[in-house]
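Student: Could you take me slowly through one part of this structure, the sheet, and then tell me how it fits into the whole?

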There are 2 protein chains.
Amino acid sequence: VRKLRVGVLVSGAGTLLQGILDEADLYEVAVVLSDRPTIEGLSRAERAGVPTVVVDWAEYGKDRRPEFSAACARVLRAHDVDLACNAGFMRILTAEYFEILGVPAMNSHPALLPAFSGAHGVRDALAHGVKVTGTTIHFATEDLDAGPIILQACEAVRGDDTEASLHERIKQHERRLYPEAIRLFAQGRLKMEGHRVHILDQQA
Amino acid sequence: VRKLRVGVLVSGAGTLLQGILDEADLYEVAVVLSDRPTIEGLSRAERAGVPTVVVDWAEYGKDRRPEFSAACARVLRAHDVDLACNAGFMRILTAEYFEILGVPAMNSHPALLPAFSGAHGVRDALAHGVKVTGTTIHFATEDLDAGPIILQACEAVRGDDTEASLHERIKQHERRLYPEAIRLFAQGRLKMEGHRVHILDQQA
C-alpha cells in the first residue's frame with residue numbers, strides 16, 4: 001500500500017515540521033517547500049532525507065501573489081502529494097494555489113477558530129483578555145483561517161503570560177495535534193458534512 | 001463584615017441560580033428578579049428564603065425595553081445589591097439598566113466568547129463545527145456578550161452531540177464557574193486593566 005504523500009510548507013525554524021517528520025508512520029513527507037532560502041526548516045528536512053524546494057517570495061512579492069501561489073502548487077503537484085500542510089508558513093496563498101493543487105490542504109492556527117483568526121492569533125487573544133485559547137488544525141481553503149475544523153485543543157491563559165510564553169504552550173499542542181490530523185486523513189477517517197468534519201471511528 | 005449582596009436575574013428553571021444559592025458563603029443572594037411569574041426559578045428562591053420580584057416583560061414588550069430595563073435596575077437598587085448577576089436571564093437590557101444599577105453586573109454565556117455570542121451560543125458552535133467550546137463568565141455591559149471576561153472553561157464537542165447534550169455539559173461548568181466568579185469579586189480579587197480582568201492571588 002502506498003503511503004499518503006504529504007507536502008509541508010514552512011517559513012522558519014520548522015519545529016512544527018519536525019513534529020510532523022517525527023510522527024510519520026501512516027504518511028510520509030514527500031517534499032518540504034519554503035518561501036525563503038537558508039531557514040532551519042530546510043535543514044530539518046535535509047537531515048530527514050526529504051527533498052526540499054525553495055519558492056523564493058523575494059522573487060515575487062505582494063504584487064505577484066497569484067504567481068507565487070501557483071508556483072508553490074506546481075512544486076507540490078510535481079512531487080505527487082496527496083495532502084499539503086502549512087506548518088508555520090507565513091504567506092497567504094490565493095485561489096490559484098488551491099485550484100492547481102487539486103488535493104486537500106491543511107493549516108494550523110494558534111487560537112480557537114473562529115476566534116482570533118489572522119496573523120496574530122496569540123497576541124490578539126491575550127489583548128482581548130480571554131482565559132482560554134488554544135490551537136486549531138483545519139482544512140485550508142481560499143477563505144483564510146475559515147476552512148472546516150479538524151481538531152482543536154484548549155490552553156489556559158495564565159495571569160503572567162506573555163505572547164511568547166503562551167505561544168510556546170500552544171505550539172506543544174500543535175506538534176501533537178497536526179500529526180494526529182494527518183494520520184486521521186491518511187486513514188480516511190475525516191468525513192465532511194457541510195462545514196463540519198466528522199471523525200469516523202477506527203475500523204477494526 | 002457585611003457580606004456581598006448579590007441580585008440574580010432569572011427567566012426559567014433557575015438551575016444556575018440554584019448553583020449560586022448552594023455555593024453562597026462569601027456572598028448572599030439578596031433578591032431574585034424574574035421577567036415572568038410562576039417560573040421554577042422563583043420557587044427555588046422562595047425555598048431558600050430569598051425575596052423575589054417579578055418585573056413582567058409582558059407588561060412592557062419590545063417597544064418599551066428601556067423602561068423594562070430601568071424597572072429591573074430600580075428593583076435591584078431597592079434591595080441594595082453590590083452585584084447583579086444574569087443567570088439564564090433571556091432579556092436584553094439597555095443602557096438605562098447599567099446607568100441606574102450603578103454596581104457591576106455579570107453574565108454567563110454558553111460559549112467561549114468572543115466566539116458565538118448571541119442567543120444561540122451552543123447551536124451556533126455546533127453548526128460551525130468547532131471541536132471545543134465552553135462557557136464564559138464575564139462582566140455584563142451595554143455591549144451584549146462583549147464585556148471583560150472573568151473565567152472560562154472548555155468542553156469538547158463529541159461526534160454524536162446534540163444541542164441539548166452539549167448544553168447540559170456546558171451548564172455543569174456554568175454552575176461551578178459562576179459562584180467562583182462571584183466569590184472572586186467578593187474577595188476583591190478581580191482587577192480591571194483595560195478590557196482584561198486580572199485575578200489577584202488570595203491574600204494570606
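**The sheet and its surroundings**

Tutor: In this predicted model, the interface residues of chain A are, to 100%, also interface residues in chain B, so the copies meet through the same surface. With that in mind, let us look closely at the sheet of chain A, which is open and consists of seven strands in the order 3-2-1-4-5-6-7, with mixed pairing. Strand 3 (52-54) and strand 7 (149-156) of chain A stand at its edges, and because each has a single partner strand, one side of each is left without a neighbour in the sheet. On average, and with direction ignored, neighbouring strands of this sheet are turned by 20° against each other.

Within the order, strand 1 (residues 4-10) and strand 4 (residues 83-86) of chain A pair in the parallel sense over four bridges, and A:Leu9 has A:Asn86 of strand 4 as its bridge partner. Helix 3 (residues 65-78) of chain A lies across strand 1, strand 2, strand 3 and strand 4 of chain A, running at about 150° to strand 2.

Turning to the whole, chain A is superposed on chain B by a rotation of 180° with 0.0 Å of shift along its axis, at an RMSD of 0.0 Å. The two copies are therefore related as by a two-fold rotation axis, and in chain A the C-alpha nearest that axis belongs to A:Ala115, which lies 2.7 Å from it.

Terms used: Residues are numbered from 1 along each chain as its sequence is written. Chains are lettered from A and ligands numbered from 1 in the order in which they are written. This is a predicted model: local features need pLDDT of at least 70, side-chain atom pairs count only at pLDDT 80 or more; totals for chains, interfaces and linings use all residues. Side-chain values use heavy atoms; hydrogens and water are left out. Two strands pair if DSSP finds at least two bridges between them. Helices (H or I, at least four residues) and strands (E, at least two) are DSSP runs, numbered from the N terminus. Axes are lines fitted to C-alpha atoms, for helices over the stretch in contact, and angles run from 0 to 180 degrees between N-to-C directions. Contact means heavy atoms within 4.5 Å. Copies are superposed by least squares on the C-alpha atoms of residues with pLDDT of at least 70 in both.
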